[in-house]
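This briefing goes through the structure shown below, beginning with a single residue and its surroundings and then turning to sheets, a pocket and the chain as a whole.

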Amino acid sequence: MKIIKFPDRRQWNDLIQRPVYNQDKTKEIIAPIIRKVREKGDKALRKFVLEYDHFPLVDLQVSPREIAESGKFISKKLKRAIRQSISNIEKFHKAQWPDDIRINTAKGVTCMRRTLPIENVGLYIPGGTAPLFSTVLMLGIPARIAGCSNIVICTPCDHYGRVNPAILYSASEIGIDTIFKVGGAQAIAAMAFGTESIPRVDKIFGPGNQYVTLAKLLVSQHGVAIDMPAGPSELFILADTSAVPAYIASDLLSQAEHGIDSQVILVSTAEKIIKAVDKEIKKQIGDLPRRHIIEKSLSHSAFIQVKNIEEGIDFMNLYAPEHLIIATRKPDQLASKVKNAGSVFLGHYTPESAGDYSSGTNHTLPTNGYARAHSGVSVESFMKFITFQKITKIGIKSLGKTIEAMAEAEDLLAHKNAVAIRLKNNNK
């Protein structure tokens, strides 16, 4: 970890840069994959499953029997944990339901907004080095609450053609049974364009590596929506002298183990905290099985000492982190100053991993600074909003001259005439 003391504000734009990969090179790899899936459908998918997952898959869809038997491979302890997480996530997301709107904006003019679910959605669930069954809950639960008619899951299989049982069990517990054994950019292409087996969806959700991320961006140019621009995971911790170094170190390590291109940042007013956290990291990392991933992640991460908490808040808002932990004496007071962040964790007893699994908030969040303009996944992410308006004879009379004046000023005389003809008829 780099240690940077009191950086000048002119350096901040350099310090907020994330690890980058060669997007052009990645595009050269995945563009042909997307094209082949679009042209050859299931045939191309089976070829890619054999090439990348090393299994000669015949049936792309997970069978009802595989789903039903997944619980046999899950411990009672994990089943209880999954059910508790489902309960908490459901409670928080049900509270997000948006009300319809009906309002009279003027006499005889009524405007309405109606909320409707997106009918067909695709959920991408990573299943490689870390099978993220928690993402099934984070995406599937709000999709069900929103009322999406068709929910499709794509996730890679292992070398024996099996999907991780925790993924299948989690999907079963929330009532999703349309699951396909396809991962990577080819899964994104399949959901975007449809194949003989996999139905085309209207919006694709879910995290993934650089290939999945870029594939989502590319297919979004062809009429399918995506949840948000996303990239490698990241964590920003703001700490004062009250912080517990062992806690801070464990949080940094937990996020760094996501992938070699993850980034973690600690910003503190206290040099002793930074030194103590650095010591704790070296102590804790030795017991972690994903140490090789963490070490690469830490190589482009940093400890930054600032003059005061206010400066730390300013730097954080510029960085716009995916995850933010405020480990200070009075975190609630600082919470009101957060302008740009995906999800915020307040106090010394709120680890980021709580949001990843069980507190109830969603863990699918904007990364790479996109939190300046994007929100994390919510029930509304699976919805669309249609506006309606109704104007009576009285309404067109009261509003007509305003519309005519504006249309004429824009030289759109047909627009003006659409009102004028009604006003003329109205006066008869």
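In this predicted model, Glu257 touches Arg290, Ile293 and Ile294, leaving aside residues up to four places away in sequence. Glu257 sits in the loop that runs between helix H10 (245–256) and strand S10 (263–268), and the points below take up this residue before moving on to the strands.

**Glu257 and its setting**

- Glu257 counts as partly exposed because its relative accessibility is 28%, a value that lies between the limit of under 20% for buried residues and that of over 50% for exposed ones.
- Leu298 lies 41 residues from Glu257 in sequence, while the distance between the two residues in space, taken from C-alpha to C-alpha, is 9.4 Å.

**The six-stranded sheet**

- Six strands make up an open sheet with parallel pairing, and their order across the sheet is S1-S11-S10-S9-S12-S13.
- Strand S1 (2–5) and strand S13 (343–346) are at the edges with a single partner strand each, so one side of each is left without a neighbour in the sheet.
- From one strand to the next, the twist in this sheet averages 15°.
- Strand S9 (residues 234–239) pairs with S10 in the parallel sense, and six bridges connect the two; within this part of the sheet, Leu238 has Val267 in S10 as its bridge partner.
- Helix H13 (residues 309–319) lies across S9, S10, strand S11 (302–305) and strand S12 (323–327), and its direction makes an angle of about 170° with that of S9.

**The five-stranded sheet**

- A further open sheet consists of five strands in the order S6-S5-S4-S7-S8, and here too the pairing is parallel.
- The edge positions are taken by strand S6 (179–180) and strand S8 (225–226), each of which pairs on one side only.
- Strand S7 (residues 203–205) runs parallel to S8 and is joined to S8 by two bridges, with Ile204 standing opposite Ile226 in S8.
- Helix H6 (residues 133–146) lies across strand S4 (120–124), strand S5 (150–154) and S7, and runs at about 170° to S4.
- Helix H8 (residues 184–193) likewise lies across S4, S5 and S7, in this case running at about 175° to S4.

**The second largest pocket**

- The volume of the second largest pocket is about 240 Å³, and of the 14 residues that line this pocket, Glu66, Phe73, Arg162, Val163 and Leu168 are the closest to its centre.
- Helix H4 (64–69) and helix H7 (165–173) each contribute at least two residues to the lining of the second largest pocket, and the largest share, three residues, comes from H4.
- Sorted by class, the lining of the second largest pocket comprises six charged, five nonpolar and three polar residues.

**The chain as a whole**

- The chain contains 17 helices and 14 strands, and its C-alpha trace spans about 90 × 60 × 45 Å along the principal axes.
- Of the 428 residues in the chain, 47% are buried.
- When contacts in the chain between residues at least 6 apart in sequence are considered, 75% of them join residues at least 24 apart.

Notes
Residues are numbered from 1 along each chain as its sequence is written. This is a predicted model: local features need pLDDT of at least 70, side-chain atom pairs count only at pLDDT 80 or more; totals for chains, interfaces and linings use all residues. Side-chain values use heavy atoms; hydrogens and water are left out. Helices (H or I, at least four residues) and strands (E, at least two) are DSSP runs, numbered from the N terminus. Buried means under 20% relative accessible area, exposed over 50%, partly exposed in between (1.4 Å probe, protein chains only). Contact means heavy atoms within 4.5 Å. Two strands pair if DSSP finds at least two bridges between them. Axes are lines fitted to C-alpha atoms, for helices over the stretch in contact, and angles run from 0 to 180 degrees between N-to-C directions. On a 1 Å grid over the protein atoms alone, a cavity is a set of points where a 1.4 Å probe fits but cannot get out, and a pocket is an open set with protein on both sides within 12 Å along at least five of seven lines; lining residues have an atom within 4 Å of a point. Grid points are joined across faces, edges and corners, and a volume is the space filled by probe spheres set on the points. Ala, Val, Leu, Ile, Met, Phe, Trp, Tyr, Cys and Pro count as nonpolar, Asp, Glu, Lys and Arg as charged, and the others, Gly among them, as polar.
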